[in-house]
Amino acid sequence: MASGVSAGRDPYDEEAAGRRPLELDGRDAAAAASSSDHRPGSVIPRYQVGSMKGDTSSRYAEGSRLLSTDDVRKSKPGSRYYTAFGVDLSPDNMAVAIVYFVQGVLGLARLAVSFYLKDDLHLDPAETAVVSGFSSLPWLIKPLYGFISDSIPLFGYRRRSYLFLSGLLGALSWSLMATVVSSKYSAASSILLGSLSVAFSDVVVDSMVVERARGESQSTSGSLQSLCWGSSAFGGIVSSYFSGSFVDTYGVRFVFGVTAFLPLMTSAVAVLVNEHRIPPGERTILLSGSGFVESSKQHVRQLWTSVKQPNIFLPTLFIFLWQATPQSDSAMFFFITNKLGFTPEFLGRVKLVTSIASLLGVGLYNYFLKEIPLRKIFLVTTIIGSVLGMTQVLLVTGLNRQFGISDEWFSIGDSLIITVLGQASFMPVLVLAAKLCPPGMEATLFATLMSISNAGSVTGSLVGAGLTRVFGVTRDSFGNLPLLIVICNLSSLLPLPLLGLLPEESGGADNGEMKHN
């Protein structure tokens, strides 16, 4: 969707992914090397720079509660595991949930990155958007990580070893941010490294999710995705308030140093993954010249055969266009900090609200929307999101104060509503992508689909940066900001005529019942 509504993980969350709830990024592009496609794409405050639609790559609450006894309970009689939202909390699923939790909790550094780029490096809104887009690049080549994970066992494991190393890489990137980084180029490189760490771990756990979702109904697939993104949103809640107060009290370098310890949780949970060690002899065959080349060719052929099928290509094209609409997030961040004087501590409170709202959005989808046809969800949420996105104009022009609403309360309420809607509208993207993956290509094809979605987010970010410069919006000049907001939000309606590219599917349909135009 547009600048008003988007969800997913940003590279600082996953894939966070992720369209930003609806302002990832969710799996969401360069606020803090964590969503989600991507993922997305943890959930971030609506007015914070560096979000990524979709990935992310952001991700549960019903009403005002978080996890109730109805949400987490003992599964069927005789089962050894508790369940959360209909999903058994087996060691594998716990590992997936914790990795997503880490993606969310990495949001601790999101505000620190935003203020570091603006105040320490003195970048303008357009430059900040470009840095965000550059930092999202690892989310565009996720198929490569899927291929590596599927084809090259490291120390005898396809999943465990890569999760372990991803955590170490993330710790290194934030350690560099806390110590030696001093220019926009070194900052972009370190953020890129952290984004790579999250993107790779995201591919590994997504492949585990896809293996479980394949052949299941849309409802069951939705429960799996809800567990993932609910975990990410919970991580965002845990870190949200401190993300602002720590910047105010201790400074951005301190926040980066604390954040460096968080990716190590990903390394630690690798032992929970239920995976048999590949014997040395089989590893040698897999990595031998002829065997590896043949395996590579087979993967490429399978990937191309899958992607070119109309029932995969057409929905993916729609998702790309849906994500590629321009964003005005960077310009809004500069406006609320330079013009309205919002402090890091207050923005941390906004982030707390949006993290909770993201959890509410996941719950809204899981309990009320996962049985609704995809086309109807996209149509309704896109139109409502575009209309609500226009409320930013009220804040920029000061009309909210004429109605007796302060800038602070207006931004909190606005962000809450937009984030709930955005997260709920992004969940169907993940469900659709998971259900399109054929057996044997889980990691690679799902990563390909999410990369295409993330590419749309990066495109939207760069188009937004170009429009920001064209309209002359800088760190001190905001005269044309209302026009920029209107154009970005109206653009989100442009993909709607192409809704026919999405499959017609009832909520309970399985893969064999999906019908395509």
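**Helix packing around α2**

Guide: In this predicted model, helix α2 (residues 110-120) and helix α8 (residues 252-259) pack at an angle of about 145°, with their axes 10 Å apart.

Visitor: Which residues make that contact?

Guide: On the α2 side they are A112, V113, Y116 and D120, and α8 contributes V252, R253, V255 and F256.

Visitor: Is the crossing of α2 and α8 left-handed or right-handed?

Guide: α2 passes α8 in a left-handed crossing.

Visitor: What about α2 and α14, at what angle do they pack?

Guide: α2 and helix α14 (residues 344-369) pack at about 140°, and their axes are 10 Å apart. Because of that angle, α2 counts as oblique to α14.

Visitor: Which residues are in contact there?

Guide: R110, L111 and F115 of α2 meet P344, L347, G348 and K351 of α14. The residues of this contact divide into four nonpolar, one polar and two charged. The crossing of α2 and α14 is right-handed.

Visitor: Switching to the whole chain, how many helices and strands are there?

Guide: The chain has 20 helices and three strands.

Visitor: What share of the residues is buried?

Guide: Of the 517 residues in the chain, 62% are buried.

Visitor: And what is the accessible surface?

Guide: The accessible surface of the chain is about 17,600 Å², and carbon and sulfur atoms account for 67% of that surface.

How values were computed:
Residues numbered from 1 in each chain as written. Predicted model: local features only at pLDDT ≥ 70, side-chain atom pairs only at ≥ 80, totals over all residues. Heavy atoms only, no water. Helix = DSSP H or I, 4+ residues; strand = E, 2+ residues; numbered from the N terminus. Buried < 20%, exposed > 50% of the residue type's maximum accessible area, 1.4 Å probe, protein only. Areas by Shrake-Rupley, 256 points an atom, 1.4 Å probe, with all protein chains shown as cover. Axes fitted to C-alpha atoms, helices over the stretch in contact; angles between N-to-C directions. Left-handed = near helix turned anticlockwise from the far one by under 90°. Contact = heavy atoms within 4.5 Å. Parallel < 35°, antiparallel > 145°, perpendicular 65-115°, else oblique. Nonpolar A, V, L, I, M, F, W, Y, C, P; charged D, E, K, R; others polar.
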